[in-house]
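Trainee: I would like to learn how to read a model of this kind step by step. Could we begin with the surroundings of the ligand?

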Amino acid sequence: MTIELVEESSTLTPAPLLELTTGFWRFKTLAAAVELGLFATLSRRGTADTAEIAADLGLLPRPVRGLLSSCVALGLLDRRDGRYRNSELAERFLVPGRPHYFGGFVEYSDKHAYPAWHRLQEALRDDRPTTWDSGAQATPFVTTDPAILAGFWEAMFTISAFTADALADAYDFTAHTRLLDVGGGTGPFPVGLCRRYPHLRATVLDLPHITRMTRQRMVDLGMSDVVAAHDGDFLADPELPAGHDVILLSMILHDWGPDTGRELLAKCHAALPPGGAVIICELVLDDDESGPAPAALMGLNMLVETRAGFNYTYAEYRDWLLGAGFVDVRSVPLAAAGANAAIVARRP
Ligand SMILES: C[S@@+](CC[C@H](N)C(=O)[O-])C[C@H]1O[C@@H](n2cnc3c(N)ncnc32)[C@H](O)[C@@H]1O
């Protein structure tokens with residue numbers, strides 16, 4: 001057999017494949033820097049040279065040189081006159097204790113999601129999650145493991161705080177007075193929305209081991225008068241709490257299969273007064289299922305993370321909403337990493 005090297009195109013190279021293949025180098029560099037405490041050290045010191053950083057992190061000269069040059073190249077550090085400092089991005093989001101600390105998500109991804117994605121082929125073959133034992137646990141959300149609880153929900157708060165700002169910009173809440181955030185976690189949306197629309201009051205519905213954290217966070221933020229937490233189970237409870245004129249489902253429907261999604265929307269419809277609105281915030285897949293990449297890949301993440309979840313298309317959400325009795329379905333684009341659209345509908 002002869003192998004022919006055919007020049008089919010002079011411009012096509014394997015460079016995009018090399019970039020895809022080595023994408024994990026970037027993530028692993030970030031994760032190591034976070035977990036070694038590089039950004040905490042530099043925040044404390046202001047600036048430092050290689051030897052000072054090596055001493056603080058307990059690293060030898062060759063490894064620290066590789067770590068520092070890579071972090072500069074990735075935009076995480078700035079280097080001037082042989083001294084390093086955190087870039088604005090790292091100083092704002094990667095220093096523990098900052099209001100929007102993102103390192104929890106990095107660590108969660110490194111310790112929890114990354115090993116599960118290592119078993120992606122298994123998930124693809126078996127149609128089963130790999131981040132948790134679906135034989136032993138009913139859903140991924142019943143865990144009381146403190147590391148997962150703290151890391152996952154802190155990460156959700158950080159990501160969703162920015163989606164909440166984007167939603168407040170894109171959708172006018174002036175006409176609404178009471179928001180129910182179904183599966184609202186530790187409350188990033190109520191915090192962002194009620195700050196932007198001070199007349200708004202909100203309730204977060206979530207499982208009791210989460211609402212405990214929600215209440216504490218509202219106390220810490222001085223918002224317990226504005227945001228209440230309600231212990232509930234949106235799957236098991238026959239109905240959602242009444243008394244709200246807008247219901248939010250952010251990153252909820254992508255956790256479940258279509259039947260559960262339809263049932264949940266029916267419960268939202270029943271809980272709203274006539275004229276009330278439901279808002280679905282998600283990374284929505286294009287109707288032709290060709291992207292965008294964050295939505296498509298989040299759908300694959302749902303394979304790894306959930307039993308039946310997926311990032312659905314606008315056409316699917318629209319169909320479920322109309323089936324539940326909603327009208328005036330429309331999609332409002334969102335400029336956020338956590339959601340590319342808010343799909344809004346009204347109970348007639
Ligand atoms: C992916 S997180 C989304 C959190 C939040 N909505 C956001 O966008 O930041 C899913 C949330 O649904 C909650 N959840 C899952 N199953 C639930 C159930 N049966 N009843 C109430 N909440 C549930 C989880 O505890 C978690 O807070």
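Mentor: For residue classes, Ala, Val, Leu, Ile, Met, Phe, Trp, Tyr, Cys and Pro count as nonpolar, Asp, Glu, Lys and Arg as charged, and the others, Gly among them, as polar. By that scheme the shell around the ligand holds nine nonpolar, seven polar and three charged residues. This is a predicted model, in which local features need pLDDT of at least 70 and side-chain atom pairs count only at pLDDT 80 or more, while totals for chains, interfaces and linings use all residues. Residues are numbered from 1 along each chain as its sequence is written.

Trainee: Which residues are the closest to the ligand?

Mentor: A residue is near a molecule if its C-beta atom, placed from the backbone, lies within 6 Å of it. Here 19 residues surround the ligand, and the closest are Phe141, Ser160, Gly183, Gly185 and Ser250.

Trainee: How many residues of strand S3 are buried?

Mentor: A residue is buried if 20 or more other C-beta atoms, placed from the backbone, lie within 10 Å of its own, and strands are DSSP runs of E with at least two residues, numbered from the N terminus. Four of the five residues of S3 (residues 178-182) are buried, whereas 36% of the 348 residues of the protein count as buried.

Trainee: In which sense do S3 and S4 pair?

Mentor: Two strands pair if DSSP finds at least two bridges between them. S3 and S4 (residues 201-206) pair in the parallel sense over five bridges, and Leu179 stands opposite Ala202 in S4.

Note on methods:
Buried ≥ 20, exposed ≤ 12 C-beta atoms within 10 Å, placed from the backbone.
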